Every structure is written in C-alpha cells, then in structure tokens.
Protein chains: 2
Amino acid sequence: MTADYSIGDLPRETGCKVQTIRYYEEIGIMPSPARTAGNQRRYDRRHGDRLAFIRHSRELGFPLDAIRELLRLADHPEQPCDTADSIARAQLRHVKSRIARLQALKAELERMIAECDGGQIADCKVIEVLADHSQCLANAHPKA
Amino acid sequence: MTADYSIGDLPRETGCKVQTIRYYEEIGIMPSPARTAGNQRRYDRRHGDRLAFIRHSRELGFPLDAIRELLRLADHPEQPCDTADSIARAQLRHVKSRIARLQALKAELERMIAECDGGQIADCKVIEVLADHSQCLANAHPKA
DNA sequence: TGTGGACCCTACAGCGGCTGTAGGTTCAAG
DNA sequence: CTTGAACCTACAGCCGCTGTAGGGTCCACA
C-alpha cells in the first residue's frame with residue numbers, strides 16, 4: 001500500500017533528523033510503523049504527512065504537548081475547531097509576550113553598548129550596568 | 001568582615017532560588033564561600049554583588065558561559081573593554097534575530113487564526129495550514 | 001552468491017539552566 | 001532544652017532534541 005519508506009527517507013522531505021523521528025515515536029506523537037523481518041521501520045505516505053505537520057508546528061513554536069492535541073484534533077475532522085483555535089491563540093499570546101520581552105532586552109543592550117566608549121573595563125558601561133540593575137529603565141526586563 | 005549572610009539571605013535581594021545559588025557554585029560562577037562549623041555556607045556583601053551581576057545578566061539573556069567571561073573581565077578593571085563590548089554585541093545580535101523570527105511566527109499565527117471561521121476541524125485553517133507548509137508566506141519561518 | 005559499506009537498530013548520556021525531591025543535619029528563638 | 005525553619009548532599013526530572021557506542025540489516029554490484 002502507498003509507498004514504502006525507510007526512516008532515512010522521511011527527513012529528506014521534512015528536514016528533521018532520524019533520531020528525532022524515533023524520539024517522536026517514543027513519546028507517542030508519531031505512530032509505530034510496520035517493521036521488516038529484520039526489525040527496520042517502514043513508513044507510508046501518511047507517516048510523512050504527519051511528520052510534516054509536526055515539524056511545521058514546531059517551526060511555529062508549538063510545544064509538543066500542544067502538537068499532540070492538534071494532531072488528535074486533526075484526526076477528528078467532524079468536530080468543532082474551537083480547541084484548535086484556542087491552542088493557536090495561546091501560542092500567539094506566548095509569541096507576543098516573548099517579543100515584548102526581547103524588545104525590552106534589545107533596548108537595554110543597545111543603550112549599554114552605545115554608552116561604552118571603548119576604554120578600560122573600569123569605565124565600561126556594559127560591566128557597570130550589569131553590576132547595577134538600578135541603572136536600567138524601570139521594568140525594562142521584569143523577572144518573568 | 002562585612003556581614004555574614006546565610007544562603008537563604010541572598011535570594012531576598014536578587015530573587016533567585018537557593019538551589020540556583022548552589023548550582024552556580026557547582027558550575028564555578030559563584031565562589032565557594034566560607035562554612036560554619038556545621039558546614040553551612042556563609043556569604044559576605046561581595047557574594048551578593050556577584051549574584052546580582054549574574055542574575056541581571058541572565059535577565060538580559062546572556063548565557064552562563066558569556067557571564068563567566070563577563071565576570072572574569074569585571075575582575076580585571078584595568079584591562080581594555082573590547083571583549084565585554086563584543087560579548088554584549090553578540091548578545092544583541094542574538095536578541096535581534098530572535099525578535100525577527102518571532103515576528104514572522106506572529107504574522108503566520110495571526111493569519112492562521114484570522115482565516116479560521118470557527119466551524120468544523122475539516123474546514124479549520126489552523127489545522128490546514130499546519131498540515132501544509134506551502135500555504136505559508138515564503139520564508140516566513142526558516143528552519144533555523 | 002558473496003561482500004562491502006551505507007544504512008538501520010537499541011540504549012543511554014548530555015545539552016542549558018535550572019527545579020524539585022528525599023533523607024538527613026544544624027541553627028537559633030523561646 | 002526543645003522545636004521547627006532553614007540548611008546540607010545527592011540525584012532525578014523538565015524540554016526537545018542530539019550524539020555516541022556497539023551492534024545488526026539491506027541491497028547493489030562483482
């Protein structure tokens with residue numbers, strides 16, 4: 001049925017490593033495929049599709065638990081898509097908050113670097129600011 | 001000399017956990033402090049300063065290896081600050097590239113969510129886009 | 001049909017940066 | 001002197017892989 005891929009054939013489409021595929025099987029987000037008489041894995045096209053789904057989701061930053069849920073949903077096309085939607089929205093919120101935090105860090109780093117005029121460590125703003133948080137913009141980089 | 005803090009006193013200033021301080025000592029970025037007769041750690045003010053430096057650097061996203069180097073530099077104030085500068089610049093480049101990547105992800109997630117009109121999974125754009133990378137903007141989220 | 005080498009197998013350790021747990025000891029207030 | 005909070009070490013676990021060791025299998029070509 002369909003084709004017959006070895007584990008080494010799948011990465012050629014999706015760019016992920018062989019060990020990663022075995023890892024995905026181990027944690028149960030890729031199904032255990034058929035085996036040859038010599039115990040080697042043999043996949044078909046649907047395995048490739050599933051792996052592509054997983055890799056794409058990872059590229060968008062979804063954690064494996066969320067992907068597990070998204071795959072479960074993808075397997076039940078007749079159900080409502082609220083859950084898929086809310087997983088994606090949660091991921092979007094997460095991405096937005098990371099961007100906000102990184103932009104604060106960027107501002108602080110730029111200020112630090114701009115104020116350093118390249119003399120000795122003793123006068124170096126980079127070291128000085130790191131040593132003294134109170135020189136930072138208020139709440140520029142909250143602990144969280 | 002100076003004061004005499006227990007390990008539990010340090011976190012009150014810096015907000016980091018007791019185990020984390022012990023971990024920093026284990027990996028050699030915090031010095032081994034004196035011990036009481038009963039083998040408990042006793043710190044002085046300089047330990048607190050050093051921990052604050054480390055925590056602040058972590059908040060700015062510096063990896064521990066970079067912090068190790070920054071601390072070494074901070075201990076030699078007569079030397080030129082080129083290295084400190086270039087570590088900070090490298091960190092800035094790193095932060096910028098993470099921002100760029102996250103902004104691409106954000107755009108893709110927003111598009112995905114906007115196109116989903118809340119029906120069945122079968123028609124759900126979130127699931128569909130995840131299953132088919134070619135529906136993404138070109139190079140929207142490169143593998144790296 | 002034999003053989004060589006590319007591929008595959010399992011099991012487990014390691015990455016970064018902590019965090020949590022178990023099981024025991026010490027300190028200091030009352 | 002007693003209590004209980006804080007301390008100690010040692011080690012496992014988190015995420016998402018990646019790498020290594022020490023084997024076994026597959027298949028194209030001679």
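This is a dialogue on reading a predicted model with chains A and B and DNA strands C and D.

Trainee: What should I know about numbering and confidence before I start?

Mentor: Residues are numbered from 1 along each chain as its sequence is written, and chains are lettered from A, with ligands numbered from 1, in the order in which they are written. The model is predicted, so local features need pLDDT of at least 70 and side-chain atom pairs count only at pLDDT 80 or more, while totals for chains, interfaces and linings use all residues.

Trainee: How many helices and strands does chain A have?

Mentor: Helices (H or I, at least four residues) and strands (E, at least two) are DSSP runs, numbered from the N terminus. Chain A has six helices and two strands, in the order α-α-β-β-α-α-α-α from the N terminus.

Trainee: What radius of gyration does chain A have?

Mentor: The radius is taken over C-alpha atoms, and the rule for a globule is 2.2 Å times the number of residues to the power 0.38. A compact globule of 144 residues would come near 15 Å, but chain A has 23 Å. The C-alpha trace of chain A spans about 70 × 40 × 20 Å along its principal axes.

Trainee: Which residues of helix 3 of chain A are buried?

Mentor: A residue is buried if 20 or more other C-beta atoms lie within 10 Å of its own, exposed if 12 or fewer, and partly exposed in between, with C-beta atoms placed from the backbone. In helix 3 of chain A the buried residues include A:Leu51, A:Phe53 and A:Ile54, and also A:Arg50 and A:Glu59. Their cover includes helix 1 (10-14), helix 2 and helix 4 of chain A, and helix 6 (125-131) of chain B. Over chain A, buried residues make up 29% of the 144 residues.

Trainee: What span should helix 3 of chain A have?

Mentor: The expected span is 1.5 Å times one less than the number of residues. The 15 residues of helix 3 of chain A should therefore span 21 Å, and the end C-alpha atoms are 21 Å apart, which agrees. Just after this helix, A:Gly61 takes a positive phi of about 90°.

Trainee: How many residues does each chain bring to the contact between chains A and B?

Mentor: Two residues are in contact if their C-beta atoms, placed from the backbone, lie within 7 Å. Chain A brings 52 residues and chain B brings 52 residues. On the side of chain A that touches chain B, helix 5 of chain A gives the largest share, 20 residues. That side has 27 nonpolar, 13 polar and twelve charged residues. Here Ala, Val, Leu, Ile, Met, Phe, Trp, Tyr, Cys and Pro count as nonpolar, Asp, Glu, Lys and Arg as charged, and the others, Gly among them, as polar.

Trainee: Which residues come nearest to DNA strand D?

Mentor: A residue is near a strand if its C-beta atom, placed from the backbone, lies within 6 Å of it. Of the 20 residues around DNA strand D, the nearest are A:Gly38, A:Pro63, A:Leu64, B:Gly8 and B:Arg41. Helix 2 of chain A supplies the largest share of that surface, three residues. For DNA strand C, helix 2 of chain B gives the most, with three residues.
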